[in-house]
Amino acid sequence: MAANGYLQLRDVAREFTTPRGRFVAIKQFTLDIARGEFVVLIGHSGCGKSTVLNMIAGLLPPTQGTIWLAGQRIERPGPDRGMVFQNYSLLPWLSVRDNVYEAVDAALRDRSRAEKLAIVEQALRTVGLDAHRDKHPHQLSGGMKQRVAVARAFAIHPQVLLLDEPFGALDALTRAELQEELLRLWQHDSRTETVVMVTHDIDEAIYLADRIVVMTNGPAATIAEVLAVDLPRPRDKRAIVHDPRYADLKDRLLYLLTIAFAQHAA
Amino acid sequence: MMRIMRRGEPLRAIRWPPPVALSTAPWGRTSLELVGAALLLLALWQLATVLAGTDLPGPARTLPVLWELIRDPLYDRGPNDKGIALQLLSSLQRVFLGFALGSLIAIPLGVVMGASRLGRGLLNPLVQVFRPVSPLAWFPIGLAALHSAPTATVFVICITSLWPTVINTAFGIASLPEDHKNVARVFQFSRWKYFSKILWPYSLPHILTGLRLSLGVAWMVIVAAEMLAGGVGIGFFVWDSWNTLHVERVIAALLLIGAVGLAMDRVLELLARRASYAT
């Protein structure tokens, strides 16, 4: 897919200072993402995928290069970007509703309280959690917790949705369910949201992505290869596995991740 | 386990007295165990009496005295002869005053230490130096500065109340998980929302643990401080009883001091339970 550079990463690098000296996590990372595109970053753990995501979120400034969103340089977090964290990151002392509400209240400051409450109710209904709104996170299963986190991120209607291995901690069935739900939400918003997601699950990447960005192993990780996923949407999980394009993609990804960039034994 | 490594010295939450876990079931698991504990106490006490000779009164001599004290707790016959409840109340008053003052100092101090590296660097050495100092060593300083024994007593309690609260508050603030901070940053929480919805609810259980330990120490120290200060209060009562060779009263007072301390600890534990959250 030709990128029109809605979200642009230009020669981005990120170094960390550690007790044992400087550590280059990411270098020469250049990527153009189109508006409404669903991009998946895939690579072995420790390759710096999350670092890239955190830089787009504005949580972490690049030590080199620039990230642009709609012509604006990203320097800090903003309400145009929503994030779903790896470990749910719900606030345990708040109810499901309040977890979503506080985010909506903070991100959408100019709305009235009634409007914000309506947004929260809508978001919880969309992920099927309105019956659980008064529960606290510890009373929810992992899948439900991540639903709350997804609802929280979608509720602020961000331009860019950042997902950091959102389903990594879930069992396979729940993960499949949430993947479908994610696509449904994204399509529900007419795919106006640009999605950048980090995963190390090959099937998940193919099922969800328009493009898959394969990363080399860290340190000094960068882009190994970008694969376009030409499978038509909406995708049927059971049907696409019989598509020859699916098999080709999976083969290529397996080659890249298990042979070309095999993870050295830790 | 409870340590965070930032630059410099690791910061630990102190748990003192240590068996906090034990005290969550204060009355034993069954009332039968409670009765057993009471019998055990009486037996050991009796044994100690036998071994020590007649100078140490046993349960049979002490319990009637305890009953006398409890029966008319509020009498007031001049400055040197007051009911046991009045003595206890006067001690409690000092403890609460000193404890409140100490907490008002300790919580902000702990927040500064927990939130800022510079704050930790400047304050941690002071805390580490003064924390092991016996509270009673502060008494002459209090007298010198405040010229009044009751005020000096409050001062000693105030100093005593500082350390557990400072350290636990600092620990609570500093151990706030990065994930929670990231939520605040990604969704652009205002400073007030960050404080009221994240930092405060997260650190409140730690602060309450500190307060609970502080209050426990303060209650232990008040008895000793009042022995030095004289006048009125349960510590003075103990000392005065000893000087008039009423050892039964000393032991009876000891039991009452323990009961009051336990009751205060329960109250703070209840508060802490209300502030705690399941993860």
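Predicted model: local features only at pLDDT ≥ 70, side-chain atom pairs only at ≥ 80, totals over all residues.

Student: Why is B:F195 called partly exposed?

Tutor: A residue is buried if 20 or more other C-beta atoms, placed from the backbone, lie within 10 Å of its own, exposed if 12 or fewer, and partly exposed in between. B:F195 has 14 such atoms within 10 Å, so it is partly exposed. B:F195 belongs to helix α8 of chain B. In chain B, 34% of the 279 residues are buried.

Student: What makes up the secondary structure of chain B?

Tutor: Chain B has 10 helices and two strands. Helices (H or I, at least four residues) and strands (E, at least two) are DSSP runs, numbered from the N terminus. From that end, the order is β-β-α-α-α-α-α-α-α-α-α-α.

Student: Why are α8(B) and α9(B) called oblique to each other?

Tutor: Helix α8 (residues 191-229) and helix α9 (residues 234-243) of chain B pack at an angle of about 60°, with their axes 7 Å apart. Angles under 35 degrees count as roughly parallel, over 145 as roughly antiparallel, 65 to 115 as roughly perpendicular and the rest as oblique. The pair is therefore oblique.

Student: Which residues of α8(B) and α9(B) meet?

Tutor: From α8(B) come B:I222, B:V223, B:A224, B:A225, B:E226 and B:M227, and from α9(B) come B:I234, B:G235, B:F236, B:V238 and B:W239. Two residues are in contact if their C-beta atoms lie within 7 Å. By class, the residues of this contact are nine nonpolar, one polar and one charged. Ala, Val, Leu, Ile, Met, Phe, Trp, Tyr, Cys and Pro count as nonpolar, Asp, Glu, Lys and Arg as charged, and the others, Gly among them, as polar.

Student: How many residues does each chain bring to the contact between chain A and chain B?

Tutor: Chain A brings 19 residues and chain B brings 17 residues. Helix α2 (residues 96-107) of chain A gives the most to its side, with four residues. That side of chain A has 14 nonpolar, four polar and one charged residues.

Technical notes:
Residues numbered from 1 in each chain as written. Chains lettered and ligands numbered in written order. Axes fitted to C-alpha atoms, helices over the stretch in contact; angles between N-to-C directions.
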